[in-house]
Protein chains: 2
Amino acid sequence: MNKSGVTLGIDIGGTNTSMAIVDKDGNIIAKDSIATLAMDPAADLFKRLFNKFTEIYSPLREKFELIGVGIGAPNANYYNGTVENPPNLNWGVVDIVALVKEYYDLPVAVTNDANAAALGEMKFGVAKGMKNFIQITLGTGLGSGIVVNGEMLYGADGFAGEMGHTIVVKDGRKCGCGRRGCLETYASASGIKRTAFELLADSTEKSTLRGISFNDLTSKNIYDAAMAGDKVAQSAFKNTGKILGQAMADAVAYLSPEAFVLFGGLANSGELIIEPTRKYLENNLLSNYRGKIKILQSGLPEGDAAVLGAAALIWHELSIIPQ
Amino acid sequence: MNKSGVTLGIDIGGTNTSMAIVDKDGNIIAKDSIATLAMDPAADLFKRLFNKFTEIYSPLREKFELIGVGIGAPNANYYNGTVENPPNLNWGVVDIVALVKEYYDLPVAVTNDANAAALGEMKFGVAKGMKNFIQITLGTGLGSGIVVNGEMLYGADGFAGEMGHTIVVKDGRKCGCGRRGCLETYASASGIKRTAFELLADSTEKSTLRGISFNDLTSKNIYDAAMAGDKVAQSAFKNTGKILGQAMADAVAYLSPEAFVLFGGLANSGELIIEPTRKYLENNLLSNYRGKIKILQSGLPEGDAAVLGAAALIWHELSIIPQ
């Protein structure tokens with residue numbers, strides 16, 4: 001019997017590391033996850049990871065053949081196959097590709113989470129068939145992956161596509177990167193919290209958000225309040241969409257994408273965030289682009305998107321490297 | 001005797017149309033130019049153009065063989081081979097590739113002036129061998145061409161790379177595109193004029209520029225005044241470089257280029273413009289890019305750069321299309 005080829009997608013997070021065995025159409029054949037244990041060396045993680053993988057792969061070996069491994073990880077460098085000083089892991093610089101090849105001598109590719117997410121959309125999601133689009137993950141920060149002419153945009157050093165670190169407000173909010181005014185300090189789950197607090201300080205409007213501390217406040221609280229008619233919460237969404245839409249118009253001038261794909265907690269707020277984003281995108285577009293740029297919500301299941309993206313990375317590599 | 005292959009580079013301007021016969025190393029074998037006559041149909045221009053070309057090519061036919069035609073033109077669409085409603089020409093939409101093929105049934109490619117300039121730098125200029133860089137022409141406006149992974153960035157509709165129309169000042173200066181605050185209203189020959197006038201209005205500083213009307217003022221006047229120690233003129237350069245450098249830092253976050261190549265009248269002001277541009281680029285870069293991004297001045301002769309770029313376009317096409 002001919003076995004079908006499958007890939008292993010791995011998503012390394014600060015807390016958990018997920019893995020999934022994925023076929024070429026994006027079907028998950030099996031999946032599992034383990035604790036990352038951020039203080040331990042990377043080699044230990046991969047030992048535990050491949051122990052777990054052997055467990056889930058063994059019963060499938062007769063039907064499926066592993067043909068490649070894709071990895072999404074923070075601060076991953078596609079060109080070098082390394083992860084370089086990830087903020088949440090005590091790793092330093094690690095040659096991830098070499099670590100994997102100790103277990104399986106197969107094609108291996110690594111990229112950061114945002115690029116993996118974009119590849120997931122291109123291979124298995126709403127961007128299927130698109131050659132030019134921008135994927136934006138509105139999570140704690142703003143991650144973005146840019147696809148140009150059917151390929152990921154990595155740039156000269158492998159770190160291109162950092163739309164979240166374009167500066168949208170001169171001398172604006174302090175960013176984790178050390179600068180001020182980055183897009184992700186406004187358009188992200190933590191950005192909308194900061195916006196809500198600014199609005200609470202600025203106005204005298206009644207708001208249920210006045211009863212929640214900064215530490216306790218979540219973008220879900222703001223969403224719930226906005227849906228219940230809270231004016232401050234609604235303004236927080238409007239202001240967030242305004243800044244995001246303006247930034248997206250600049251991205252269009254640079255990149256001429258067919259679409260933006262939005263993913264992540266804040267993107268799940270649906271029209272609350274998309275309506276103002278679309279409005280300010282349109283208002284700020286060069287005239288030849290007006291009415292032409294799609295804003296799409298990711299259709300990938302939130303829990304699986306990261307491993308699907310990692311698997312998509314290696315499926316994409318396998319499709320362009322002659323076998 | 002084996003003939004050497006040459007290409008014809010054509011640069012269509014609002015006033016003059018230039019042509020050059022160019023070998024694969026960027027040597028100009030022959031060149032000439034004719035009046036564009038902007039009110040006449042495109043077909044008439046190409047008739048006169050190929051008459052002139054026959055004149056210069058005839059004595060060369062024994063040694064050289066024409067193998068392709070590249071064209072740089074305003075509002076040119078690489079994908080369609082068309083020029084679409086160019087602002088300075090009474091053409092409407094014209095299929096330029098078809099027009100050329102009436103004379104020579106050879107590979108023909110067309111793109112806008114800014115992209116041609118980038119290709120010229122990549123094939124024959126200071127960006128030779130680079131795979132990721134951004135070419136910026138500081139002329140009346142700001143044109144830019146982006147090279148990603150060794151290829152021009154055209155985007156979904158062929159018009160990508162409009163850095164001059166990213167919005168750098170909210171509700172800023174009125175732009176020819178109908179919007180406000182575009183980079184080219186600040187960083188260009190006309191932008192620095194507007195900046196000088198703003199400074200003359202704002203300060204009480206003595207300046208030789210106070211004796212020149214807006215219509216008469218040129219960026220060359222501002223350059224001469226700055227070199228002679230005029231404070232207002234020097235500030236105009238500083239402010240221009242500041243906005244340009246900040247915008248370039250955002251371009252780096254998107255694209256991770258190896259270098260910027262500056263071309264055009266204002267770029268010829270040398271360190272007067274480059275020093276503040278470099279300073280504000282560095283100040284605004286993500287930390288992993290600091291000290292790594294080159295700012296280069298084009299080395300192509302100003303009068304030939306446009307036809308060399310057009311020739312580079314078709315040389316590049318010929319290098320990627322199997323013969």
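**Figure 1. Contact between the two domains of chain A.** In this predicted model, 12 residues of domain 1 of chain A are in contact with 11 residues of domain 2 of chain A. On the side of domain 1 that touches domain 2, helix 3 (residues 113-124) of chain A supplies the largest share, 6 residues. By class, this side of domain 1 holds 7 nonpolar, 4 polar and 1 charged residues. The domain assignment places residues 4-120 + 303-320 of chain A in domain 1 and residues 129-297 in domain 2. Taken over C-alpha atoms, the centres of the two domains of chain A are separated by 28 Å.

**Figure 2. Overall view of chain A.** Chain A contains 8 helices and 13 strands. Its C-alpha trace spans about 70 × 45 × 35 Å along the principal axes. The radius of gyration of chain A is 20 Å, which agrees with the value near 20 Å that a compact globule of 323 residues would have. Of the 323 residues of chain A, 54% count as buried. Among the contacts in chain A with a separation of 6 or more, 64% are between residues 24 or more positions apart.

Figure 3. How many of the 5 residues of strand 12 (residues 259-263) of chain A are buried? The count is 5 of the 5, so strand 12 is largely enclosed by the rest of the structure. In a regular strand the side chains alternate between the two faces of the sheet. Both faces of strand 12 of chain A are covered, with A:A259, A:V261 and A:F263 buried on one side and A:F260 and A:L262 buried on the other.

Figure 4. Strands of a sheet pair through backbone hydrogen bonds, either parallel or antiparallel. Strand 9 (residues 133-138) of chain A runs parallel to strand 12 of chain A, and 5 bridges join the two. Within this pairing, A:T137 has A:F263 of strand 12 as its bridge partner. Strand 12 of chain A is also joined to strand 13 (residues 294-297) of chain A, again in parallel, by 4 bridges. Here the bridge partner of A:F260 is A:I295 in strand 13 of chain A. Together with helix 7 (residues 271-284) of chain A, strands 12 and 13 of chain A make a right-handed β-α-β unit.

Figure 5. A:I136 lies in strand 9 of chain A. Is A:I136 buried or exposed? A:I136 counts as buried because it has 32 C-beta neighbours inside 10 Å, where the cut-off for a buried residue is 20 or more. Leaving aside residues up to four places away in sequence, A:I136 touches A:L142, A:S144, A:M163, A:F260 and A:L262. Two of these, A:F260 and A:L262, are the buried residues on one side of strand 12 of chain A. The C-alpha atom of A:I136 is separated by 14 Å from that of A:A249, a residue 113 positions apart along the chain.

**Figure 6. An antiparallel sheet in chain A.** An open sheet of 3 strands in chain A has the order 5-6-7, with antiparallel pairing. Strand 5 (76-77) and strand 7 (93-95) of chain A stand at the edges with a single partner strand each, so one side of each is left without a neighbour in the sheet. Strand 6 (residues 82-84) of chain A pairs with strand 7 of chain A over 3 bridges in the antiparallel sense. In this pair, A:T82 stands opposite A:D95 in strand 7.

**Figure 7. Contact between chain A and chain B.** The contact takes 32 residues from chain A and 32 residues from chain B. Which element gives the most to the side of chain B that touches chain A? Helix 6 (residues 231-255) of chain B does, with 6 residues. The residues on this side of chain B divide into 14 nonpolar, 12 polar and 6 charged.

**Figure 8. Surroundings of A:A156.** A:A156 is placed in the loop between strand 11 (151-152) and helix 4 (189-202) of chain A. With 22 C-beta neighbours inside 10 Å, A:A156 counts as buried. Not counting residues up to four places away in sequence, A:A156 touches B:N132, B:S256, B:P257 and B:E258. The C-alpha atoms of A:A156 and A:Y79 are separated by 9.4 Å, although the two residues are 77 residues apart along the chain.

Key:
Residues numbered from 1 in each chain as written. Chains lettered and ligands numbered in written order. Predicted model: local features only at pLDDT ≥ 70, side-chain atom pairs only at ≥ 80, totals over all residues. Rg over C-alpha atoms; globule rule 2.2 N^0.38 Å. Buried ≥ 20, exposed ≤ 12 C-beta atoms within 10 Å, placed from the backbone. Contact = placed C-beta atoms within 7 Å. Domains from an automatic or database assignment. Nonpolar A, V, L, I, M, F, W, Y, C, P; charged D, E, K, R; others polar. Pairing = 2+ DSSP bridges. Right-handed = clockwise from strand over helix to strand, strands pointing away.
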